[in-house]
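Dear colleague,

Please find below the structure that I am handing over to you. My notes on it follow directly after.

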Protein chains: 10
Amino acid sequence: MYASRTDVTRALVTARVEKGVSWAEIAAVVGRSKEWTTAACLGQMAFEPHEAQALIALLGLQAGAQPWLCSIPSKGTLEGGAPSDPLIYRWYEIVSVYGPAIKELIHEEFGDGIMSAIDFRMHIEREPDPAGDRVNVRISGKFLPYKPF
Amino acid sequence: MYASRTDVTRALVTARVEKGVSWAEIAAVVGRSKEWTTAACLGQMAFEPHEAQALIALLGLQAGAQPWLCSIPSKGTLEGGAPSDPLIYRWYEIVSVYGPAIKELIHEEFGDGIMSAIDFRMHIEREPDPAGDRVNVRISGKFLPYKPF
Amino acid sequence: MYASRTDVTRALVTARVEKGVSWAEIAAVVGRSKEWTTAACLGQMAFEPHEAQALIALLGLQAGAQPWLCSIPSKGTLEGGAPSDPLIYRWYEIVSVYGPAIKELIHEEFGDGIMSAIDFRMHIEREPDPAGDRVNVRISGKFLPYKPF
Amino acid sequence: MYASRTDVTRALVTARVEKGVSWAEIAAVVGRSKEWTTAACLGQMAFEPHEAQALIALLGLQAGAQPWLCSIPSKGTLEGGAPSDPLIYRWYEIVSVYGPAIKELIHEEFGDGIMSAIDFRMHIEREPDPAGDRVNVRISGKFLPYKPF
Amino acid sequence: MYASRTDVTRALVTARVEKGVSWAEIAAVVGRSKEWTTAACLGQMAFEPHEAQALIALLGLQAGAQPWLCSIPSKGTLEGGAPSDPLIYRWYEIVSVYGPAIKELIHEEFGDGIMSAIDFRMHIEREPDPAGDRVNVRISGKFLPYKPF
Amino acid sequence: MYASRTDVTRALVTARVEKGVSWAEIAAVVGRSKEWTTAACLGQMAFEPHEAQALIALLGLQAGAQPWLCSIPSKGTLEGGAPSDPLIYRWYEIVSVYGPAIKELIHEEFGDGIMSAIDFRMHIEREPDPAGDRVNVRISGKFLPYKPF
Amino acid sequence: MYASRTDVTRALVTARVEKGVSWAEIAAVVGRSKEWTTAACLGQMAFEPHEAQALIALLGLQAGAQPWLCSIPSKGTLEGGAPSDPLIYRWYEIVSVYGPAIKELIHEEFGDGIMSAIDFRMHIEREPDPAGDRVNVRISGKFLPYKPF
Amino acid sequence: MYASRTDVTRALVTARVEKGVSWAEIAAVVGRSKEWTTAACLGQMAFEPHEAQALIALLGLQAGAQPWLCSIPSKGTLEGGAPSDPLIYRWYEIVSVYGPAIKELIHEEFGDGIMSAIDFRMHIEREPDPAGDRVNVRISGKFLPYKPF
Amino acid sequence: MYASRTDVTRALVTARVEKGVSWAEIAAVVGRSKEWTTAACLGQMAFEPHEAQALIALLGLQAGAQPWLCSIPSKGTLEGGAPSDPLIYRWYEIVSVYGPAIKELIHEEFGDGIMSAIDFRMHIEREPDPAGDRVNVRISGKFLPYKPF
Amino acid sequence: MYASRTDVTRALVTARVEKGVSWAEIAAVVGRSKEWTTAACLGQMAFEPHEAQALIALLGLQAGAQPWLCSIPSKGTLEGGAPSDPLIYRWYEIVSVYGPAIKELIHEEFGDGIMSAIDFRMHIEREPDPAGDRVNVRISGKFLPYKPF
């Protein structure tokens, strides 16, 4: 039995590696983008019940996984420091090196406010390139203005 | 006189606000994208001498700024923790919430390796949307594979 | 059997998700506000014995949970850093961005002292709004003056 | 002369104490709530030009303060840890003790998402009470749902 | 069986809550002050064998607890940061707010040196007060002078 | 001229050492206990105007110090970690070693709540002892109960 | 059964010590350098299936280890601080003492950019020396230039 | 005048950029390797008097720089965390990813002990490569065994 | 069975307390100094096979402990911060208070370099003293000079 | 003029390097051991007035340095983390690697308590050794027992 969402995430990750199922296959069964589905499977988003059912069937999880997959998890994976994994660190470094420039340019275009990380979507694609293929990422976040009161 | 790149960055930022010049205007004068130019002005990249000259003329900096603008700076703005500015924090949160999913999907598509933060470019655009305009960002980084030896 | 309050909190959270009981239902059975009851169920407050009994019956916990539910717990969930969960982080950001202003305004109105986080209550309500519903929170804390001695 | 927004904030805070002007008087001159005005004066928000002019006149700042008061600042005051000031710490403690309960109750009412700290307003009032006057705070933040993609 | 002092501390704390024994009752059986006895039961001090025997009998611990209760533990509960529990935090805040004043006054009275936290005792008492009862604490620590050599 | 409370604190500390005035003499002139007065002089408390005047006269500070001495400072000296000064560290160690015991005993006597660090007073005295004089400290803090709502 | 790569790493390390197999022997069986093989066995790299099979046979691991040994792990062992092990610390100290010089010299030779830690190889050799044998390390990393865009 | 080694380091770095002198030119004048000389110029090593004299003459520093250049500095540049500069971070990442493997292989070859970071030398060279030039680094550190006593 | 050196260390520590064996007795059986033997038993050093055998026999450990006792452990117990145990903290405080003086005096006597913590030995003795017995510690570490290259 | 002990320490360190005076010469003039004198000069101890006078005369400091040299400083140099200087780090590493063994052996000899870092003295000597001279350190600290109360 599962006693927490973390238990279900661990079981899901274990089952995926043992069965050799790809994230794209999981996303196809769930009916969402591969980006959202992978984040949700890794314990960051809440599934709809029928999505959870499809996931349980595909990976052979126990039935008790459903309420946990539909529960809203405690999110976030960075404990306040730099991530040690080199791939994830490169993204942290992008924020470190380009963050102040991103801030200036969004303010110049939109005024004071932020780009939402909630009303947000992201797509990751492979771009063939003779000098070495590239990872292309498109990000879209709603601009939210600060309003004086 | 300037005794360090940091001194020049501070003087540049001060002159820009006092003269009311936009980042887009600076980028046009420098002849680079607004994204790269802003990062470089904020002390993260090295200018070519003619770019530095144009910048000095536009903002009325002292001539001694040139070798510093062309020097390779010590980069990065995050001191190992979460940034306090809300706009920059949202990007840190994206890495925190979506980072493990990004890692899985790049590995699924490309195998073991990373997306380069050096052979990298980024474009930021405004997308009009009746429900609130959106910040669209396109990121492109070369995939670099781990090679066994 | 339960060996600590933490064990009971984990069992309570597990039972709530598996049985599909809402916090509002739990608060109704306990006879307290939903705000205090939820904090207490999450291991931050001590219940009265009859409240603990009602909770045990509702969620089907073991009888041994009672002394733990009535024990005074070690409180607090932030380990000295910024919380990673986006919803809780927004509250941390409010303290970061508005904290010095809150401090100035309470001092201007009351003089030197603090707003108590112990003699404290909070109510959370939904406010319908055509531009998007809002979370309304009313907080009341006793002012405690610093007294010279 | 001022070389940064921080310089202007320091000068403003110094002038306010020396002239003995209250935050409420400043807010009246600026024409905004005392909560927003105080946060803005402490370097967290951007003023409109006419607001900046009124502020400069009231406190006797130099004319060069205007572009800085209208610039969008780098925000936030918590460097990733607990604040040392007792009044501000009590708010941090509220997030630490009640944060998980706030998260659960907002999710129960609205589903997955956050309460915005950007589309946000706050009012602080004194409530007379024979057992000791109370600080009453009303907070309103727009709910922003996570949307699968 | 117990494999460490920590195991014994956990078992002791569990037994105390389940049996409903007070710290004062434990101290009476052990024959020491309630302050020292509680600290020792929480894993900070070493008991004499007959004290350990009395404790084992009172709480129904296993006989194997004795050598651990008499062993000298690894002490201290603060991992280098601020404690999250509100009651313990108030003591940390006292050190933060009054610590430099305590330092100055002890130096003014005694010269350079410290107040020992080893040759130390503490008594906690309730003082009835119509405006709200007070916690009175008397602390006594030997002064240890720095001696040049 | 002084531009902040910190400036005044530094000037006060400098003047005290240069003039060789004791904290007890300052407290006598201010008309408060030596404990409160020292904390206030070190930038932790706000003086009444006549107290500030007396202090300015005694130490030969500039007249502009008065509004700063009467302003409510940003308090606290511990930045979230252990203090390096040995005398102050001993107090941190007392909280680390005895903190959980203090928590248990106050809860046993009063129930859930805290000992206030605001409605608080402290007296430090020297106790002659042939085995080495002792620092005796009496602390009194109002008990504040958690009240369910 | 193994539920994660970490489980497999632990089992592999245990089996190696119990069977007394050297890293050089493992590398010979895997058919890679000892440097890459040891890093991979310690959970930092992904094996090819036939490499994993050879490893499982040599160390007597369970068959279920294969998909985990071929999975791409979460990498890195430093949690943002200095390592406590003296041998690994010396390498951290080399980065601390010589890092800025390494940066300057690579920039002087190549211009702005980095030495890749991904397209990277390393060989460790023993050099006999009458004054005490030496550890010789040859490192090769591809230079990656920053390109303006 | 210079009041510390840090002052001299800053002046040296400023003079080098303004005069456009390379590290290799400085090393030739000092008569040491470019690796050692650069580290020493950046404040990590002590010069011999004649080396300091040559450096002062080349860069036009004040004569008072000599005793500071010959003083033994406080060394190290990492404050216990990960470095933010991308080039230096890659070296930190090498220690993070390959550190445990380096430890195992040195122990396998030499037994218990460390590779010295004091009796240590390093050479950095450019290796032309059609797929992109490479940074080659040769490191040599004396092995120091742990000796039981 | 033991799966790591840490498992063996825990078992050894448990057996020692349960059997009531002193460190001096263990050192006599191992045939090394009490200082080295205790550090090794606590998981910091590697034993010779016959030393491990003697230890296993004395404390009744399982035979599988031998390869682990002879393996080279991951060393160090400080996780980058101040230790909480008062006895160990006093040593950390000695480094904090006297460290810069130790550095200056070793440099004055030997020039640039360090005192080795590897080629190192330590002896701890009790010195009777009517004013209170003293802990006497003799430390000897080889001086290792920095050599320019 | 000096405004703090830190100012005096900086001036003293500057004067010593410029005048080329050794710590041993300073200690001879002060009339204390070189260990205590160096620590005191580096801002860790308080001088007697005649010692301060001798120091001022020897190094040509301003007369205003005397009350600061006789004031009791805020001590300690480690901010809660590992020191970056290699020589001082080796001492931190000794505490990390040998600290638990030191704790066990002092407890075995003396019972529960600590070795004082206040009633403490230290002597550093050079021991010639054909295999490389050694740094010998003798440390003596009074044992302070924990006393139950």
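A salt bridge is counted here when a side-chain nitrogen of Lys or Arg lies within 4 Å of a carboxyl oxygen of Asp or Glu. In this predicted model, the side chains of A:R16 and B:E108 form such a pair, with 3.8 Å from N to O. The number of salt bridges between chain A and chain B is 10, and 30 residue pairs of these two chains are in polar contact, both residues being at pLDDT 80 or more.

On the side of chain A that touches chain B, at least two residues come from each of α2 (23–30), α3 (34–41), α6 (86–110), β1 (113–127) and β2 (134–145). The greatest contribution is that of α6(A), with 24 residues. Sorted by class, this side of chain A holds 35 nonpolar, 15 polar and 18 charged residues.

As for the extent of the interface, 68 residues of chain A are in contact with 69 residues of chain B. The two chains bury about 6800 Å² between them, and 67% of that area is on carbon and sulfur atoms.

Within chain A, the domain assignment gives domain 1 (5–70) and domain 2 (86–145). Their C-alpha centres are 26 Å apart.

Turning to chain C, a rotation of 180° with 0.0 Å of shift along its axis superposes this chain on chain D, with an RMSD of 0.0 Å. This is therefore the relation of a two-fold axis. The same surface serves both copies, since 100% of the contact residues of chain C recur in chain D. Chain C has no contact with chain H, the closest C-alpha atoms being 16 Å apart, and none with chain I, where the corresponding separation is 14 Å.

Yours sincerely

How values were computed: Residues are numbered from 1 along each chain as its sequence is written. Chains are lettered from A and ligands numbered from 1 in the order in which they are written. This is a predicted model: local features need pLDDT of at least 70, side-chain atom pairs count only at pLDDT 80 or more; totals for chains, interfaces and linings use all residues. Side-chain values use heavy atoms; hydrogens and water are left out. Contact means heavy atoms within 4.5 Å. Domain bounds come from an automatic or database domain assignment. Copies are superposed by least squares on the C-alpha atoms of residues with pLDDT of at least 70 in both. Buried area is the accessible area (1.4 Å probe) that two parts lose on being put together, summed over both. A polar contact is a pair of N or O atoms within 3.5 Å; within protein, one must be able to donate a hydrogen and the other to accept it, and residues adjacent in sequence count only if both atoms are side-chain atoms. Helices (H or I, at least four residues) and strands (E, at least two) are DSSP runs, numbered from the N terminus. Ala, Val, Leu, Ile, Met, Phe, Trp, Tyr, Cys and Pro count as nonpolar, Asp, Glu, Lys and Arg as charged, and the others, Gly among them, as polar.
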